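Good morning, everyone. Please have the model open on your screens, and follow along with me.

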Amino acid sequence: MILALAVPARAEPLPVREVAKGVYLYQGAHGEATAENHGGIANIGFVVGDASVAVIDSGGSAHQGRRLHEAIRQVTDLPIRYVINTHVHPDHIFGNAAFLADEPDFVGHAKLPRAVAARGAYYLEGLKQRLGSASEGSEVVPPSLTVAERLDLDLGDRVLRLTAHRTAHTDHDLSVYDAVTGTLFAGDLLFRERVPVVDGSLKGWLNVMSELRAIEARRVVPGHGTPTADWPAALDRQESYLRLLRDEIRAVIRDGGTMEQAVASVAAAERDAWLLFDDYNPRNVVTAFTELEWE
Amino acid sequence: MTRLAVPHFTLRDLWLSTFAAGLALAYGAAVVAAAEDDPWPDLREALFEDRQIQPGDGVIRLEAPYRAYDAAIVPITLAAEMPQTPERYIKTITLIIDNNPAPVAAVFTMTPHSGTAKISTRVRINAYTNVRAVAETSDGMLYMATKFVKASGGCSAPASKDQDKAMARLGRMKLKQSTPVRLGQPNEAQLLISHPNYSGLQMDQVTRHYIPAYFVQDVTISYGNETIMTVEGAISLSEDPSFHFSFVPEGPGALTVEVRDTEDAVFTRSWPVEPEAGS
C-alpha cells in the first residue's frame with residue numbers, strides 16, 4: 001500500500017504509432033529540449049513480443065518516460081522486460097526512471113556504464129537547469145545488462161538483435177534489429193532532417209555506416225527524424241554531410257588553417273539541407289577538427 | 001625549473017587556492033555568480049598588485065568567439081601588435097578567464113626569438129566571462145586586451161569523446177610546420193600534445209568521484225639553444241593542448257619540446273627544421 005502511494009500521478013499516454021506490426025514509435029520534435037516538450041526530442045519506442053515488451057530509448061525526462069509507459073499499457077499488459085538505451089545522451093536515457101518499478105534489465109553497449117558514470121551527473125544537472133520542474137523524477141539509471149558485440153533478446157516468438165558498434169556517433173552506440181518486421185532502430189547512428197551531431201568519431205561513424213548498409217532491413221527508425229522504408233538509401237544524406245565535413249576540414253588542416261577558419265567555412269554547402277544546422281554544425285567542426293588534426 | 005609566473009603566485013598556488021571555490025562553481029550557478037560578483041578586482045590585485053595596466057591597443061590583441069561552439073574547446077588567439085625586437089619585446093602574456101575555477105589559464109613567456117609572438121590555444125570556459133590577455137613588455141609595462149565570451153560548463157564537461165583512444169595516445173606530440181620554412185623570418189608552427197588535461201571537475205568513469213586534476217604544467221619550446229616560448233599551463237587549457245606559435249630560425253636546427261605534467265611525467269621530442277635560405 002505504501003508503494004502504491006509512491007507511484008506518480010497518471011501521465012497522459014504518448015501518441016505513439018505502430019510503424020510495423022508490434023513496433024511502436026513516438027517521433028521526437030526537431031528542436032532543443034525544453035520544459036514544454038519535457039526533453040522529448042528523440043525518437044523513442046517499444047516492441048511487443050508474445051511474452052514481454054522491450055523499450056528502445058526511454059525519452060528525455062522521467063515525465064516523458066511515464067508517458068511512454070502509459071502508451072505501452074494502452075497496447076499491452078505484458079511485462080516490460082527490457083529498457084534498451086542506444087547511447088548515453090539525455091534525450092535517450094532520462095526516461096529510464098519511469099520504468100524502475102517494472103524491474104526490467106536496462107540494456108546498453110559495454111562502454112555505456114563508463115559513459116553514464118562520466119557524464120550522467122553532468123547531464124542531469126544540465127537537464128534540471130534546462131527543464132526546471134519538468135525534469136522532476138529524472139535520474140541516472142545505469143545499465144544492468146551490457147552488450148560487447150551482439151546480444152539477442154527474446155520477447156517471446158520475437159528476437160531483437162542488439163549490435164554494439166565501434167566509435168561513431170558516440171563511443172558506445174547500440175542498434176536494435178527486429179527480425180520479425182525487418183525494422184532497424186539505428187539510434188543516433190542515423191539522423192534525418194535534423195543535422196547529425198558528432199560526439200564520438202567522424203571517421204569511425206563513416207565506417208560504421210558502411211557496416212550498417214549490409215543490414216537487410218525493411219525499414220529504419222532513425223534516432224531523430226522520420227522512419228523510412230528507403231533503406232539503405234536513407235543513409236545517403238547523412239553520409240554526404242559527414243564526408244563533406246571530413247573532406248573540407250582535412251583541406252583546411254592541409255592548408256595550415258585554424259579551427260576558427262574551419263568553423264567559418266566547412267560544410268556551408270549543406271546548410272540548407274538540415275534543420276538546426278547553425279546550432280550544431282560549428283560544434284561538429286570543432287569536434288571533428290580535433291580528431292582529424294592527429295592524422 | 002624557474003617559475004616565471006606572476007608576482008607572489010605561481011599558477012599552481014593560484015589553482016589550489018581557487019580549487020575549492022571551483023567545485024561550487026562547477027555547474028550553472030557560476031553563470032549567476034558571474035553576473036553578481038566581478039572577480040576581476042581581486043584577481044587583478046593578486047596577479048599584478050597596484051601596477052598600472054594600459055589598454056592593449058598596439059601591443060596585444062585578443063581574439064575569441066563571442067559565443068563558444070564547444071565550451072570545452074574554445075579557440076583563443078593572443079597576437080602581439082608590436083614586433084619582437086631585442087630592444088623591446090613582449091616578455092609574458094597571461095591568459096585569464098575571470099569566471100573559471102582557476103582563472104589563470106596559462107602564462108606564456110617569450111623572447112626576441114618568438115617571431116611574431118602570435119599564440120593560439122584552446123581553453124575551457126565554465127561560465128559567461130571576460131577573457132583577458134595581459135602582456136608584459138621587456139621594459140616592465142603591462143597592457144591588457146579583453147573579450148567577453150558566452151560559454152558554460154567547459155571545465156566540468158566530460159572528458160574525451162573516445163576515451164580509449166585518448167589514453168592510448170597520452171604524451172604523444174605532433175608538430176605542424178608551415179612550409180617552406182624561411183630563414184631569418186617568423187615561421188608559424190602548431191604543437192599538439194595528447195594529454196587528458198583533467199580539470200579536477202570531471203567525474204571519474206568508474207568511481208563516480210571527481211577525477212583528480214592532472215594536466216600539462218610546463219611546456220618549453222626551443223630552437224637550437226634558444227628558448228622560443230615557455231607555457232605554464234593549468235586546468236583551463238583544453239584536453240590535448242594545442243599551441244600555435246612562431247619562431248625565427250637563423251639556420252638549420254631542431255625544434256625541441258619538453259612537456260612536464262602535474263605528475264612529473266616528462267615528454268620530449270625534437271623535429272628537424274630545414275629552412276630555405278634566401279627565401
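I will take the ground rules, then each chain, then the interface.

This is a predicted model, where local features need pLDDT of at least 70, side-chain atom pairs count only at pLDDT 80 or more, and totals for chains, interfaces and linings use all residues. Residues are numbered from 1 along each chain as its sequence is written, chains are lettered from A and ligands numbered from 1 in the order in which they are written, and side-chain values use heavy atoms, with hydrogens and water left out.

Let's start with chain A. Its average pLDDT is 95, and 97% of the residues score at least 70. The term pLDDT is the predictor's confidence in each residue, from 0 to 100. Residues 1-7 of chain A stay under 50, and the model gives them zero contacts beyond four places in sequence. Contact here means heavy atoms within 4.5 Å.

What helices and strands does chain A have? There are eight helices and twelve strands. Both come from DSSP runs, numbered from the N terminus: helices are H or I, at least four residues, and strands are E, at least two.

Now the overall shape. The C-alpha atoms of chain A fill a box of roughly 70 × 40 × 30 Å along the principal axes. The radius of gyration is 19 Å, which agrees with the value near 19 Å for a compact globule of 295 residues. That radius is taken over C-alpha atoms, and the globule rule is 2.2 Å times the number of residues to the power 0.38.

Some local details in chain A. The peptide bond from Trp231(A) to Pro232(A) is cis, with omega near 0 degrees. Pro232(A) sits in the loop between S12 and H6 of chain A. Asp57(A) has a phi near 70 degrees, a positive value in a residue other than glycine. Look for Asp57(A) in the loop between strand S4 (53-56) and helix H2 (62-75) of chain A.

Next, Leu276(A), in the loop between helix H7 (259-265) and helix H8 (277-292) of chain A. Leaving out residues up to four places away in sequence, Leu276(A) touches His30(A), Gly31(A), Arg194(A) and Val195(A).

On to salt bridges. The rule asks for a side-chain nitrogen of Lys or Arg within 4 Å of a carboxyl oxygen of Asp or Glu. Over all chains, the search finds 24. One of them joins Glu239(A) and Arg213(A), at 3.0 Å, N to O. This pair links distant parts of the chain, 26 residues apart: Glu239(A) is in helix H6 (residues 236-254), and Arg213(A) is in the loop between helix H5 (202-212) and strand S12 (219-224) of chain A.

Now chain B. Its average pLDDT is 84, and 84% of the residues score at least 70. Where is confidence lowest in chain B, and where is it highest? Helix H1 (residues 11-25) of chain B is lowest, at a mean of 39, and strand S1 (residues 53-55) of chain B is highest, at 98. Residues 1-10 of chain B also stay under 50, with 23 contacts beyond four places in sequence. Where pLDDT is low, the predicted coordinates should not be read in detail.

Chain B has a cis peptide bond too, joining Thr179(B) and Pro180(B), with omega about -5 degrees. Pro180(B) is in the loop between S9 and S10 of chain B.

Last, the interface. The contact takes 33 residues from chain B and 29 residues from chain A. The buried area is about 2,900 Å², and carbon and sulfur atoms give 55% of that. Buried area is the accessible area (1.4 Å probe) that two parts lose on being put together, summed over both.

How many salt bridges cross between chain B and chain A? The rule finds two. Arg283(A) and Asp70(B) meet in a salt bridge through their side chains, at 3.9 Å, N to O.
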